[in-house]
Amino acid sequence: MGIELLGFQTTIANPITLKGIGVHSGAEVAITFHPAEADAGIVFQRVLAGGRVAEYKAVSSQVGNTDLCTVLGLSPATAIATIEHVMAAVYALGLDNLLIEVHGAEMPIMDGSSEPFIDAIEQAGIRALAVKRRYIRILKPVRIESGASWSEFTPYDGMRFEVEIDFDCPLIGRQAWKGDMTPSVFKRELSRARTFGFMRDVERLWASGFALGSSLENSVVISDDNTVVNVEGLRYTDEFVRHKTLDAVGDLSLAGAPFLGCYRSYRGGHKMNANALKALLSDSSAYEVVETATRRQRTRSRDMVAVAAPGFAPWSA
């Protein structure tokens with residue numbers, strides 16, 4: 001098919017800061033995106049009391065809890081939660097290298113979507129670096145199952161997502177989103193889709209110390225009579241599956257390098273996304289690391305060639 005790809009790595013041109021509240025903690029959070037050098041990857045630094053810093057590379061090996069969101073780190077005292085909306089924006093816009101300084105325990109939820117992070121990155125600007133970008137090209141199917149849910153990677157000439165959800169709720173029901181992932185597709189079709197939840201779950205989540213910052217300003221809320229509580233309604237008629245796809249984009253960015261292939265899931269979520277990625281990366285016969293054979297800034301997947309890179313594992317810390 002010949003989808004256009006970036007041949008060289010990127011970073012942002014200028015630092016930029018965003019402030020908001022954490023959807024689970026309800027606490028104020030500030031994050032600053034800083035430019036980074038080639039091959040640095042996406043790195044999160046949580047600033048702790050006394051100026052100490054907990055640092056995590058945004059890769060599969062650093063993922064901790066995935067119950068309600070995607071968390072980097074195992075210890076609640078130093079972990080960084082709810083990274084998926086930020087990482088979806090970073091991945092979709094083709095950013096390879098970035099330092100994200102975090103003052104708080106999680107990313108700010110903003111409006112519940114990736115759009116504020118897209119806007120911030122575009123305001124900061126994107127700068128090309130003089131080092132070739134590497135991709136993970138899928139060579140054979142890798143599938144995992146859990147009850148009625150499943151996720152799989154399959155070979156594909158491009159970067160594609162096919163996500164289907166099935167809720168026992170007449171408002172949502174069975175929805176699917178399919179498409180090749182490019183910056184313009186993500187911005188137009190996925191970036192504004194917000195996180196969502198059910199009114200019936202609110203008290204249970206609060207009692208467990210979660211969703212303390214959730215509100216109609218940052219979440220789509222479904223009432224007990226299966227209607228949308230938010231006065232403005234939905235941003236897309238199928239906003240629910242679009243947000244699940246947005247989450248999948250963010251979760252799979254933790255491969256540490258963009259993948260060339262198709263990711264399909266049915267009734268998935270953060271845990272399924274994380275486990276599918278681990279299954280792929282644990283099977284060295286299922287993928288190869290490739291880079292462009294040309295010197296052009298833009299390239300095609302057919303121009304990608306396997307690289308001999310002993311020890312190269314972008315998903316390792």
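I looked up strands S4 and S7 and found that S4 (residues 28–35) and S7 (residues 98–103) pair in the antiparallel sense over 6 bridges, where pairing requires at least two bridges found by DSSP and strands are DSSP runs of E with at least two residues, numbered from the N terminus. In this pair I noted Ile31 opposite Val102 in S7.

I recorded that the model is predicted, that local features need pLDDT of at least 70 and side-chain atom pairs pLDDT 80 or more, while totals for chains, interfaces and linings use all residues. Residues are numbered from 1 along each chain as its sequence is written, and side-chain values use heavy atoms, with hydrogens and water left out.

Next I followed the sheet, which is open and mixed in its pairing, with 5 strands in the order S3-S4-S7-S5-S6. Its edge strands, each pairing on one side only, are S3 (16–21) and S6 (53–57).

I then turned to the helices (DSSP runs of H or I, at least four residues). Helix H1 (residues 84–92) lies across S4, S5 (42–47) and S7, at about 150 degrees to S5, whereas helix H2 (residues 115–124) lies across S3 and S4, at about 165 degrees to S3; these angles run from 0 to 180 degrees between N-to-C directions of axes fitted to C-alpha atoms, for helices over the stretch in contact, and contact means heavy atoms within 4.5 Å.
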